[in-house]
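Reader: Please take me through this model term by term, and set each value against the rule behind it.

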Amino acid sequence: TPPATGYLHGMPETPETSQPELFTWEFAADPYPAYAWLREHSPVHRTTLPSGVDAWLVTRYADARQALADSRLSKNPTHHGRSSGRTGIPGERQADLMTHLLNIDPPDHTRLRRLVSKAFTPRGVAEFEPRVRQLTERLIDGFAERGSADLIHEFAFPLPIYAICDLLGVPPEDQDDFRDWAGMMIRHAKPGQSGGPRGGVARAVKKMRAYLLELIHRKRADLGDDLISGLIRASDHGEHLTENEAAAMAFILLFAGFETTVNLIGNGTFALLRNPGQRELLQASVARGETGLLTTAVEELLRYDGPVELATWRFATHPLTIGGVDIPVGDPVLVVLAAADRDPARFARENTLDLARKDNPHLGFGHGIHYCIGAPLARLEGQAALGALLTRLPDLRLDAEPEDLRWRGGLIMRGLRELPVAFTPAA
Ligand code: HEM
């Protein structure tokens with residue numbers, strides 16, 4: 001069967017002819033035609049975000065890659081010329097959660113990143129593999145006999161929460177609280193609005209912060225081999241890590257490692273279900289016990305419909321030129337990873353899902369000094385999740401019209417609100 005029509009799903013589609021509207025709900029459902037227009041007609045594009053903030057959108061691959069590694073673009077929101085510099089990461093109004101990796105520049109960035117990088121080497125993360133596999137199996141057990149499920153809520157959402165809680169050293173009995181708080185933090189976004197903590201979100205961030213500070217106190221008296229204990233040890237050995245920095249680090253690991261991974265599993269499964277030929281290839285390969293195609297598949301799914309639509313905010317600290325356009329000091333620059341990763345100047349058959357794609361230097365994990373520190377864990381979770389789904393639920397199918405699925409709003413992330421599926425119930 002040919003894939004359903006639609007730009008997102010690999011069918012050629014007429015690009016927009018006039019300047020498309022950005023940040024509507026339609027755009028949130030399928031931003032790719034608009035990005036094709038921007039790449040072609042206005043690759044470094046000044047726009048007013050729904051929040052009222054003016055920013056530059058960078059959509060071509062070469063420009064995006066250059067901007068991500070440009071030290072004249074600071075991550076520190078105080079460099080934003082004209083506003084409070086809100087960056088849209090929940091919790092940023094909690095000043096003591098602000099000094100995290102995505103908000104700071106060298107030398108502080110270098111110091112803090114070094115402290116956690118050990119936990120995220122492919123080797124360190126590989127130790128985690130049995131636990132991630134056990135989690136995926138347990139979550140699938142929860143719905144396998146039913147014949148239907150919402151894969152976002154019952155699978156993609158809890159998996160990374162429990163994984164990061166384990167990594168940080170949050171005791172199992174407290175992990176469901178994290179699941180609740182994290183759910184509250186991602187529920188309310190509108191297209192194009194990074195949305196700081198409001199109402200329920202603010203309460204969730206507050207609770208998480210209070211919990212993390214208390215956990216740090218408790219661990220100090222009883223160090224283990226988890227990441228929070230590692231951070232405390234580092235601060236006790238003159239590595240200049242304050243307690244607030246430790247809490248901010250725990251918080252950013254949760255924040256950066258959670259919704260992203262939900263979306264990798266959600267967007268990835270959706271793309272597979274919409275491209276039956278590719279899905280069959282992968283399913284057969286997994287059934288033969290191979291890992292090669294699963295590995296390239298996760299990279300391709302990150303390129304094709306990745307979790308991070310726009311990289312987090314950057315602010316010009318010096319005058320600079322991107323793609324021939326002068327960027328004034330103080331201006332925010334948003335690098336559109338989703339647009340760069342479909343740039344035909346870099347990727348052949350840019351709108352086609354090709355799970356075996358070899359030449360695939362996608363920007364889904366960013367580039368430069370802020371390159372995703374959690375990439376090895378995200379890859380492990382993505383491979384384990386997709387492998388387990390295709391093995392345990394071999395006739396997995398979408399249980400809704402694709403057009404009816406709702407996408408979450410927001411500025412930085414791209415992901416589905418729900419993913420209803422059906423399959424033959426396990427005996
Ligand atoms: C940074 C993507 C999973 C932790 C980033 C950046 C991207 C990204 C694009 C760079 C942002 C920028 O430059 O503005 C992803 C994707 C993931 C994922 C697509 C899942 C598929 C994770 C996980 C963790 C994590 C599982 C940790 C548990 C971080 C941290 C940073 C980061 C701490 C900041 C690094 C720095 O500033 O030095 N991620 N991420 N991410 N990611 Fe991930």
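Author: Of the 89 residues in the largest nonpolar core, those that touch the most other members are Leu159, Ile164, Leu168, Met249, Ala250 and Phe251. Helix α12 (residues 243–274) contributes the largest share of this core, 18 residues. The model is predicted: local features need pLDDT of at least 70, side-chain atom pairs count only at pLDDT 80 or more, and totals for chains, interfaces and linings use all residues. Residues are numbered from 1 along each chain as its sequence is written.

Reader: Which residues is Met249 in contact with, leaving aside its neighbours within four places in sequence?

Author: They are His100, Leu112, Val116 and Leu231, where contact requires C-beta atoms, placed from the backbone, within 7 Å.

Reader: Why does the span of helix α6 agree with its number of residues?

Author: Helices are DSSP runs of H or I with at least four residues, strands are runs of E with at least two, and both are numbered from the N terminus. The expected span is 1.5 Å times one less than the number of residues, so the 13 residues of α6 (residues 129–141) should span 18 Å, and the end C-alpha atoms are 18 Å apart, which agrees.

Reader: Which residues of α6 are buried, and which are exposed?

Author: Val132, Leu135, Thr136, Leu139 and Ile140 are buried in α6. They cover an arc of only 130 degrees around the axis, which puts them on the same side of α6; the arc is that of the directions from the helix axis to the C-beta atoms. On the other side of α6, Pro130, Gln134, Arg138 and Asp141 are exposed.

Reader: How do you know that β4 and β10 pair?

Author: Two strands pair if DSSP finds at least two bridges between them, and β4 and β10 (residues 420–422) have 3 bridges, in the antiparallel sense. The bridge partner of Ser148 in β10 is Ala422.

Reader: What makes β4 an edge strand?

Author: In the open sheet of 3 strands, ordered β4-β10-β9, β4 (148–150) and β9 (397–398) each pair on one side only, and they are therefore the edge strands.

Conventions. A residue is buried if 20 or more other C-beta atoms lie within 10 Å of its own, exposed if 12 or fewer, and partly exposed in between; C-beta atoms are placed from the backbone. A nonpolar core is a set of buried Ala, Val, Leu, Ile, Met, Phe, Trp, Tyr and Cys residues joined through C-beta atoms within 7 Å. Two residues are in contact if their C-beta atoms, placed from the backbone, lie within 7 Å.
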